[in-house]
Amino acid sequence: MCIRDREYKEKERNFNHAESLLNKATTDYGQLKLIEKDFAPYDNLWSTTEKWFSSKHSWHNDKWEKLDAAAMENLVNDSSRILSQTIRAFREMPSILKIAEQVKGEVEKFKRYVPLALALRTEGMKNRHWDEISSMVGFEVRPKEGFTMTTVINMNLIDYLSEIERVSEKAAKEYAIEMNLINMKKSWEKIDFKLFPWKNSGTWIVAQISFEDINALIDENMVLTQQMMSSRKASSERSVQGDICDGHRGVEQDTDEDVELNGGVGGAAEDVACTPTHLRLPHHR
């Protein structure tokens with residue numbers, strides 16, 4: 001629906017509302033609905049064509065980091081669907097039908113490059129992944145100054161789509177692991193250990209700490225870490241995962257020991273005695 005159609009619909013509602021307030025019979029604007037239905041194919045052709053050409057120019061010329069491949073996929077699919085409907089509507093109008101078919105042809109021609117854009121714009125694409133793609137195709141492929149979708153098309157990378165998609169899938173899984181590790185580390189930054197000396201015993205009190213919450217966090221992180229370590233795609237992060245896993249086991253053992261020591265120092269239920277060396281948190285080496 002175009003802007004003017006929306007304005008007319010709003011006026012229709014306002015007029016009918018005013019008529020009802022004045023206890024007058026509401027006017028039937030059914031003819032407006034018929035006009036709107038007849039005009040819809042023209043509006044769809046015009047708006048879709050305008051959006052297609054402006055988007056296509058942007059995709060071909062904007063900087064690589066600005067390319068939104070997911071939005072590209074949505075617009076290409078929507079344009080293809082709407083133009084197919086438009087073509088059916090203009091079967092008896094050859095001059096307009098020709099325009100619709102021409103734009104539809106351009107959309108379909110470009111559609112084959114959408115999976116390539118999605119693969120190359122996958123979050124997590126690092127230098128090692130671009131190195132792997134360059135090695136496969138036999139020349140350097142790497143985002144740099146002047147690298148655009150036009151560059152990708154002119155390089156004929158579409159010929160290597162299946163190989164590039166495999167690299168992209170690996171990059172996406174490695175990126176997911178990386179994000180999990182970062183979030184895992186952030187979850188521990190919220191844990192605040194407050195230490196107080198316990199008389200003259202040489203030990204310390206860990207106060208206001210919920211060990212149930214800590215153990216729950218440890219269990220959650222351990223399960224997630226073991227799942228990541230079992231992935232065949234996780235080899236590049238295995239050493240980091242091992243450090244995290246060892247750290248979790250250490251914290252889990254320490255909290256168990258500290259809870260057992262609770263009764264031995266005569267503290268409150270939430271105050272636990274331990275030596276400073278007991279407090280080992282997982283860290284990224």
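Predicted model: local features only at pLDDT ≥ 70, side-chain atom pairs only at ≥ 80, totals over all residues.
Q: What is the relative accessible area of Glu132?
A: Residues are numbered from 1 along each chain as its sequence is written, and side-chain values use heavy atoms, with hydrogens and water left out. Buried means under 20% relative accessible area and exposed over 50%, with partly exposed in between (1.4 Å probe, protein chains only). Glu132 counts as partly exposed because its relative accessible area is 29%.

Q: Which residue forms a salt bridge with Glu132?
A: A salt bridge is a side-chain nitrogen of Lys or Arg within 4 Å of a carboxyl oxygen of Asp or Glu. For Glu132 the closest N and O atoms of such a pair are 2.8 Å apart, the partner being Lys170. The two lie 38 residues apart and link distant parts of the chain, Glu132 in helix H6 and Lys170 in helix H8, where helices are DSSP runs of H or I with at least four residues, and strands are runs of E with at least two, numbered from the N terminus. The partner, itself partly exposed with a relative accessible area of 23%, is Lys170.

Q: Is Lys104 buried or exposed?
A: The side chain of Lys104 meets that of Glu108 in a salt bridge of 3.1 Å, N to O, and both residues lie in helix H4, about one turn apart. Glu108 is partly exposed at 32% relative accessibility. Because the relative accessible area of Lys104 is 17%, this residue is buried.
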